[in-house]
Number of protein chains: 2
Amino acid sequence: MRISELSRRSGVSNATIKFYLREGLLPAGRATAATQAEYSEQHLRRLRLIRALIGVRGLTVQQTRDVLGAVSEYGTDLHQVLGLVLGARPVDTGAGAESEDGDGDGDEKEPGRSEVDELVAEMGWEISPHSAAQSVIAETLETMRSLGADYGWRSLVPYARIAEETAVLDLDQLKEEEDLLERAERAILLTILLEPALLALRRLAQENESAKRHSR
Amino acid sequence: MRISELSRRSGVSNATIKFYLREGLLPAGRATAATQAEYSEQHLRRLRLIRALIGVRGLTVQQTRDVLGAVSEYGTDLHQVLGLVLGARPVDTGAGAESEDGDGDGDEKEPGRSEVDELVAEMGWEISPHSAAQSVIAETLETMRSLGADYGWRSLVPYARIAEETAVLDLDQLKEEEDLLERAERAILLTILLEPALLALRRLAQENESAKRHSR
């Protein structure tokens with residue numbers, strides 16, 4: 001299809017599609033003339049995925065490039081792709097994220113970090129040593145305590161066990177896809193795009209649990 | 001304590017404290033002279049909570065005011081507070097959130113919404129009918145399908161069951177506090193501040209589960 005049809009079917013403007021092409025998020029079409037190119041269904045699917053990552057989940061162009069790059073490069077090795085997808089996207093910590101790579105606070109970070117190491121050891125998890133996700137956990141524990149809550153890594157153990165159940169569900173859903181590239185794309189969907197829905201389900205379940213305990 | 005000591009102990013600048021006072025996030029101190037006021041330990045704790053909500057979780061001043069307002073107003077009725085906290089804070093959907101209150105797309109939203117109703121009915125959840133969390137779930141389902149994934153509300157049922165387990169844990173932790181205002185504050189911590197850590201735990205658990213299945 002021509003770029004105009006790609007635009008119509010995806011709902012993404014010509015100018016934005018050209019921007020994604022220039023930025024290398026979308027691979028070039030097959031050139032059919034000096035100023036014309038032909039795009040495939042794969043381009044359409046890729047374009048929708050880009051829109052979901054940038055428009056729905058708020059990733060930057062660079063983060064999106066890293067995620068998509070991981071899929072193209074390691075599409076046949078799902079564990080590699082998952083590792084890169086999990087690492088490429090820092091967990092959303094809101095506006096406070098800029099404090100993450102300060103270099104003057106090495107001393108303060110160590111206690112938090114080693115707490116996370118204890119949690120990981122308790123769970124017996126086989127994971128890479130220093131990921132963004134681990135920093136997020138360390139920071140959360142420190143924030144809770146700065147607010148006077150008596151909160152340590154042991155408080156998170158029951159949540160970590162629930163996270164294990166979630167991960168089994170997540171990985172089970174990847175088995176269905178035959179095509180490895182599709183599996184990799186689906187891993188992105190399940191990891192990044194499902195996050196807001198999982199938090200939303202927790203809120204609804206809290207509301208229901210609260211209703212059960214406190215009223216009527 | 002004076003404002004200068006409040007600033008020193010909280011790490012928040014005088015100017016920012018005055019801004020929070022003007023915006024009504026922080027209650028006024030006890031006036032001791034025409035231009036002086038005395039602040040208490042409760043002010044300090046409130047200030048730290050504000051910093052966590054705005055600085056760490058990225059809430060706006062208005063959202064923070066809503067959350068804190070719920071605590072002051074309904075501090076003795078935990079279910080009310082939880083309801084307002086859960087409702088006041090739209091679940092983080094990243095940059096795409098502005099599409100939520102468009103009014104021209106009523107037709108498109110209905111199918112997604114009724115899917116969520118089916119999920120809620122299947123779970124037997126007793127919750128208020130139209131919350132931000134339900135819109136997030138409807139939007140996620142639509143995004144997944146626009147990307148070609150075969151994803152409906154039934155796909156979320158196992159995740160909803162896990163969310164129930166999480167909610168039981170969450171509510172159990174609120175029982176410890178005697179002081180009702182402290183319980184309400186703790187509800188905020190558990191609901192909003194714990195979210196990034198729960199997503200981070202899921203990522204680590206996925207990495208571990210993937211390692212178990214794909215390597216060695």
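Modeller: Quick word first: a contact means heavy atoms within 4.5 Å. With that in hand, in this predicted model residues 24 or more positions apart make up 56% of chain A's contacts with a separation of 6 or more.

Colleague: Okay, and what pattern does chain A follow along the sequence?

Modeller: Going along the sequence you get α-α-β-β-α-α-α-α-α-α-α-α, with 10 helices and 2 strands in chain A.

Colleague: Why is α8(A) called roughly antiparallel to α8(B)?

Modeller: Look at the angle. The axes of helix α8 (residues 153–174) of chain A and helix α8 (residues 153–174) of chain B cross at roughly 175°, and they come within 10 Å. Angles over 145 degrees count as roughly antiparallel, so α8(A) is roughly antiparallel to α8(B).

Colleague: Which residues of α8(A) meet α8(B)?

Modeller: Among them are Pro158(A), Tyr159(A), Ile162(A) and Leu169(A). On the α8(B) side, the residues they meet include Pro158(B), Tyr159(B), Ile162(B) and Leu169(B). By class, this contact of α8(A) with α8(B) has 8 nonpolar, 4 polar and 4 charged residues.

Colleague: Now Asn208(A): how do you know whether it's buried or exposed?

Modeller: Check its relative accessible area, which is 6%. Buried means under 20%, so Asn208(A) is buried.

Colleague: Where does Asn208(A) lie, and what is it in contact with, leaving aside its neighbours within four places in sequence?

Modeller: Asn208(A) is in helix α10 (residues 195–214) of chain A. Once those sequence neighbours are set aside, Asn208(A) is in contact with Gly124(B), Trp125(B), Glu126(B) and Ile127(B).

Colleague: And how much of chain A counts as buried?

Modeller: 50% of its 216 residues.

Key. Residues are numbered from 1 along each chain as its sequence is written. Chains are lettered from A and ligands numbered from 1 in the order in which they are written. This is a predicted model: local features need pLDDT of at least 70, side-chain atom pairs count only at pLDDT 80 or more; totals for chains, interfaces and linings use all residues. Side-chain values use heavy atoms; hydrogens and water are left out. Axes are lines fitted to C-alpha atoms, for helices over the stretch in contact, and angles run from 0 to 180 degrees between N-to-C directions. Helices (H or I, at least four residues) and strands (E, at least two) are DSSP runs, numbered from the N terminus. Angles under 35 degrees count as roughly parallel, over 145 as roughly antiparallel, 65 to 115 as roughly perpendicular and the rest as oblique. Ala, Val, Leu, Ile, Met, Phe, Trp, Tyr, Cys and Pro count as nonpolar, Asp, Glu, Lys and Arg as charged, and the others, Gly among them, as polar. Buried means under 20% relative accessible area, exposed over 50%, partly exposed in between (1.4 Å probe, protein chains only).
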